[in-house]
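Take a look at the structure first, then follow the points below by topic.

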Amino acid sequence: MELITYQTNISSEAILEKLKPLLDQTIGSGNWGIDLKSKEKTLRVFAPDTINENALMSVFRQAGVSATNIDDYYSIY
């Protein structure tokens with residue numbers, strides 16, 4: 001199983017509603033969750049197999065969402 005955590009700029013339910021069908025189609029319904037109450041607007045993506053991160057970034061761009069892989073970000077420093 002793979003887990004990727006992103007810091008996003010998803011600030012409202014309206015943006016989330018735009019992103020939801022794209023995420024459901026790309027990684028499957030129930031394989032992701034977001035905490036809109038956290039400062040980082042943390043999006044967690046779960047998958048039983050490897051996640052195609054390029055496809056995921058394309059989904060974010062389509063929805064106009066900025067997302068930074070938290071694990072990659074911290075591994076740089």
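Ser38 sits in the loop that runs between strand 2 (32–34) and strand 3 (43–47). In this predicted model, Ser38 has a relative accessibility of 14%, so Ser38 counts as buried, the cut-off being under 20%. A polar atom of the Ser38 side chain lies 3.1 Å from the backbone oxygen of Asp35.

**The aromatic pair**

- How many aromatic pairs does the structure hold? There is one.
- Tyr6 and Phe60 form an edge-to-face pair, because their ring centres are 5.2 Å apart and their planes meet at 70°, where an angle over 60 degrees counts as edge-to-face.
- Tyr6 belongs to strand 1 and Phe60 to helix 2 (residues 53–63), so the pair ties together parts that are 54 residues apart in sequence.
- Are these two residues, Tyr6 and Phe60, buried or exposed? Both Tyr6 and Phe60 are buried.

**The nonpolar core**

- The largest nonpolar core has 19 residues, and Tyr6, Leu19, Leu23, Val45, Leu56 and Phe60 are those with the most contacts inside it.
- Strand 1, helix 1, strand 3 and helix 2 each supply at least two residues of this core.
- Which element gives the most to this core? Helix 1 does, with five residues.
- Leu56, one of the residues with the most contacts inside the core, touches Tyr6, Leu23, Thr26, Ile27, Val45 and Ile51, leaving aside residues up to four places away in sequence.

**Ile27 in helix 1**

- Ile27 is part of helix 1, which covers residues 13–27.
- With a relative accessibility of 16%, Ile27 is buried, because the cut-off for that class is under 20%.
- Beyond its neighbours within four places in sequence, Ile27 is in contact with Trp32, Val45 and Leu56.

**Thr5 in strand 1**

- Thr5 has its place in strand 1 (residues 2–8).
- Its relative accessible area is 13%, so Thr5 is buried.
- Which residues does Thr5 touch, not counting those up to four places away in sequence? They are Thr42, Leu43, Arg44, Thr68, Asn69, Ile70 and Asp71.

Notes: Residues numbered from 1 in each chain as written. Predicted model: local features only at pLDDT ≥ 70, side-chain atom pairs only at ≥ 80, totals over all residues. Heavy atoms only, no water. Helix = DSSP H or I, 4+ residues; strand = E, 2+ residues; numbered from the N terminus. Buried < 20%, exposed > 50% of the residue type's maximum accessible area, 1.4 Å probe, protein only. Contact = heavy atoms within 4.5 Å. Polar contact = N/O pair within 3.5 Å; in protein donor to acceptor, adjacent residues only side chain to side chain. Phe/Tyr/Trp six-rings, centres within 6.5 Å; stacked < 30°, edge-to-face > 60°. Core = buried A, V, L, I, M, F, W, Y, C linked by side-chain atoms within 4.5 Å.
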